[in-house]
Amino acid sequence: MIHETINYTNDGRVNLQTYISDIHEGPLMPVMIALPGGAWTHLSYTEGEMVALTFVKERYVSFVLNYSVGDYSQFPNPLVEICWAISFIRQHAKEWYIDPNKIVVAGFSAGASVASMSATQWNDTKIAQQLGVNEEDMKPNAAVLGYCCNDLSTIFDNEVDDLVIPTPGKITADRTAQIDVLNYVSKDTVPIFFYHCRYDEYVPVKNTWLLASKLEKAGLPFEMHIFQSGHHGMSVNNALTIQKDPIDSSVTQWVPLCLAWLEKVFSM
């Protein structure tokens with residue numbers, strides 16, 4: 001396996017970590033880009049490398065994008081960075097034995113917001129010009145969202161649910177419009193798989209069905225799972241993350257469900 005770090009910023013703050021298979025036989029491999037959460041203040045290890053390794057096991061070429069957090073998270077930085085990652089990976093598709101038409105962005109919590117912005121706003125002409133690529137080069141083929149906030153008002157204007165509200169990173173403190181992806185669903189939105197836990201203490205579960213409603217109204221493909229048990233931040237919830245959380249036999253199922261869904265999306 002090729003495991004290295006590719007820097008986007010000169011200081012190495014934003015980078016792409018690679019988990020590239022050295023087996024170049026059989027069908028070209030799909031790609032999973034993991035986007036860890038961390039409330040826009042830090043990046044969670046269990047939602048980065050643990051996700052990458054889980055999908056490597058399923059014959060994906062995996063990457064972790066360490067995107068801008070804290071004061072650096074000001075929009076459009078995170079969207080530019082995921083657009084760069086997708087286009088960069090496509091440029092190296094032949095070298096890395098990957099299928100350029102099977103690139104998935106998989107985010108969790110704040111990272112899910114990056115993934116959802118990518119899914120709904122990948123066709124930003126200004127970003128394409130900034131990166132020197134075509135808009136189609138920046139397009140993910142599917143998105144996977146774990147416990148994603150799709151409407152900031154459900155957190156910061158919420159006076160009913162007993163939520164834990166962390167100190168916001170700049171992009172959320174600014175109430176950045178593009179994070180409220182409900183307003184950006186269009187015919188160009190890519191297929192989305194999303195899961196949530198019913199009693200998520202940070203992001204109200206209503207965020208999931210609000211997005212599903214928008215996608216349904218637009219006639220777009222998606223798959224949604226809401227688990228009765230579990231809590232925020234469970235990531236892949238398998239043996240790799242056992243030190244953080246005990247394995248929940250229900251929540252763990254999102255991974256095989258997602259893999260089965262992706263097979264169908266890729267054959268569409």
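The sulfur of C83 lies 16 Å from the closest cysteine sulfur, that of C148, which is too far for a bond; a disulfide is defined as a pair of cysteine sulfur atoms within 2.5 Å. The structure is a predicted model, in which local features need pLDDT of at least 70 and side-chain atom pairs count only at pLDDT 80 or more, whereas totals for chains, interfaces and linings use all residues. Residues are numbered from 1 along each chain as its sequence is written, and side-chain values use heavy atoms, with hydrogens and water left out.

For C258, the closest cysteine sulfur is in C148, 14 Å away and too far for a bond. A search of the whole structure finds zero disulfides. C83 is buried at 0% relative accessibility (buried: under 20% relative accessible area, 1.4 Å probe, protein chains only). C258 is likewise buried, with a relative accessible area of 0%.

Eight strands form an open sheet with mixed pairing, in the order β1-β2-β4-β3-β5-β6-β7-β8. Strands are DSSP runs of E of at least two residues, and helices runs of H or I of at least four, numbered from the N terminus; two strands pair if DSSP finds at least two bridges between them. β1 (5-7) and β8 (222-227) stand at the edges with a single partner strand each, so one side of each lacks a neighbour in the sheet.

Strands β5 (residues 98-108) and β6 (residues 142-146) run parallel and are joined by five bridges. Within this pair, V105 stands opposite A143 in β6.

Methods
Buried < 20%, exposed > 50% of the residue type's maximum accessible area, 1.4 Å probe, protein only.
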